[in-house]
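Morning, everyone. I have one model to show today. Please take a look before I start.

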Amino acid sequence: MTTAGRSDRLVMRWLQIGIVMTIFQIALGGITRLTGSGLSITEWEVITGVLPPLNHEEWVAAFEAYRKTPQYQLLNYDFQLPDFQFIFFWEWFHRLWARLIGLVFAVGFIWLLLGKHFKKSMVTPLLILFVLGGLQGAIGWIMVQSGLTGDAVYVKPTRLALHFVFALGLLCYTWWFTLQLQYDNAAKMNHRGFHRWVLILLGVMLIQLAFGALMAGHKAATAASTWPTINGEWFPFSLQNLQLKDFVENPILIHFVHRSLAYFLLIAIVAFSFRLGQTNLPPAVRQMRWLPVGVVLIQVLLGISSLLTSKGIVPGKWGGFEWTAQLHQLTGMVLLLVMVKLLYLIRPVRS
C-alpha cells in the first residue's frame, strides 16, 4: 500500500469513528427527549460540567436549581431526589458524549496533521466541520434555554427541530467526506435523471425529518394515535382556515404532513429503486439498489407502531412507545445516509 493510500485509510477510519459516535449522540438525544431529561441541567458549564455532582450536597444544590424551573413547578412537582438523578443522568451523558466527540475529532485531527496524513484540500473542510460542531453545541444550549423560562415545561419544538436537523447535517457532511476517501470515480455512474431524483428525495426527507422532530416536540403522536385515519378522518376537518404558524404549532397539521410525506417517500423510493434496477449499474450502486426500499418499509412500520403504542405511554416509564419511537428515529438516519451515499455514487452527466 502506498503512503498516500495508508493516509487516506487512516483519515477515513478517524471519520468513521466520528460518524458512529455522532449516530450514538443523536440516539442519546432521542432518549433524553423521551425521558423528559433535557431541562434537568440548568447551566451550560463547558469545562466544569464534565463531572456530575459527586456528593449529596452537590446533588441537593443541583436539584434546588432544577426546582426553580417551570418544568419542575408545573409538571414534575412531585419529583424526589432519585427521580431527578435519573433525568439528570441522561442529559449529563448526552452532553458528556458531545464533549467526547469533540475530543476524538480534535486529538485525531492534530495527530493526522502532524503525521502529514491530510491532503491540503482536506484541511479547510475539516476546520469548517469543527466550527459547525461548536455551533451545534450552542444551538443545543439555546434550545435548552427555551424551556427554562416562562411557563414552558419542554423545549420549544422549533428549536428541537433545528437542533436535530443541524445534527443530521453534520452527520451527512462527515459521511460525504468519508465517501470521497472510500470510492473513486470508477465506482460512480453518470445519470442526470437519477441524480436529480435522489436530490428531490433527500429534500423531501429533510422536511420529513424536521416534521418528525416537530411531532416529538409537540408530543403529537398522542394527538392522533390511530391508523390509517387521523382520529377517524382521512383529511382532518379541523385543518381549515389555517395560518402559516400552524405548520409548526398545530399538532394535527404536523401529524397530517408527517404521514403524507411518509407515504410519498415510500412510493417514490420504491419507484426509484425499480427504475434503477432497469439500468446497467456499476457494482457499488447495484449492491444498494433495493436497500432504500427495505429501510423505508421498516421506517414506515415503526412509525405506525409508534402511533399505536402511544396510547400506552406511562409518564416516567420506558415502554413500547419509547422503543419504537427511538428505533423510528434511528431508521430515519439510516435512510438518510443511504440516500446521501447514492447521491455521491450517482453524479449528473457532465458535458
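First, the ground rules. This is a predicted model, so local features need pLDDT of at least 70 and side-chain atom pairs count only at pLDDT 80 or more, while totals for chains, interfaces and linings use all residues. Residues are numbered from 1 along each chain as its sequence is written, and side-chain values use heavy atoms, with hydrogens and water left out.

Now the fold. How many helices and strands does the chain have? There are 12 helices and two strands. Both are DSSP runs: H or I over at least four residues for helices, E over at least two for strands, numbered from the N terminus. In sequence order the pattern reads α-α-α-α-α-α-β-α-α-α-α-α-α-β. The radius of gyration is 22 Å, close to the 20 Å that the globule rule gives for 351 residues, so the chain is as compact as a globular protein of that length. That radius is taken over C-alpha atoms, and the rule is 2.2 Å times the number of residues to the power 0.38. Along the principal axes, the C-alpha atoms fill a box of roughly 65 × 55 × 35 Å.

Of the 351 residues, 49% are buried. Buried means under 20% relative accessible area, exposed means over 50%, and partly exposed is in between, with a 1.4 Å probe and protein chains only. The accessible surface is about 18,200 Å², and carbon and sulfur atoms hold 67% of that. Areas come from the Shrake-Rupley method with a 1.4 Å probe; for residues, only the protein chains shown count as cover. A contact means heavy atoms within 4.5 Å. Take the contacts between residues at least 6 apart in sequence: 80% of them join residues at least 24 apart.

Next, the loop between α7 (192–217) and α8 (246–249). P228 sits there. The peptide bond from W227 to P228 is cis, with omega near 10°. K219 lies in that loop too. It is not a glycine, yet its phi is positive, about 55°. K219 is partly exposed, at 34% relative accessible area. N231 is another residue of the loop. N231 also is not a glycine and has a positive phi of about 55°. Its relative accessibility is 42%, which counts as partly exposed.

Now W176, in helix α6 (residues 157–182). Is W176 buried or partly exposed? At 30% relative accessibility, W176 is partly exposed. Leaving out residues up to four places away in sequence, W176 touches V340, L343 and Y344. W176 and K341 are 165 residues apart in sequence, but their C-alpha atoms are 7.4 Å apart in space.

Last, the second largest pocket. It holds about 350 Å³ of space. Of its 19 lining residues, I41, E43, E45, A62 and F88 are the closest to the centre. A pocket here is an open set of points on a 1 Å grid over the protein atoms alone, where a 1.4 Å probe fits, with protein on both sides within 12 Å along at least five of seven lines; lining residues have an atom within 4 Å of a point. Helices α2 (56–67) and α4 (81–114) each supply at least two lining residues. The largest share, five residues, comes from α4. By type, the lining divides into 11 nonpolar, four polar and four charged residues. Asp, Glu, Lys and Arg count as charged; Ala, Val, Leu, Ile, Met, Phe, Trp, Tyr, Cys and Pro as nonpolar; the others, Gly among them, as polar.

Note on methods:
Points joined across faces, edges and corners; volume = space filled by probe spheres on them.
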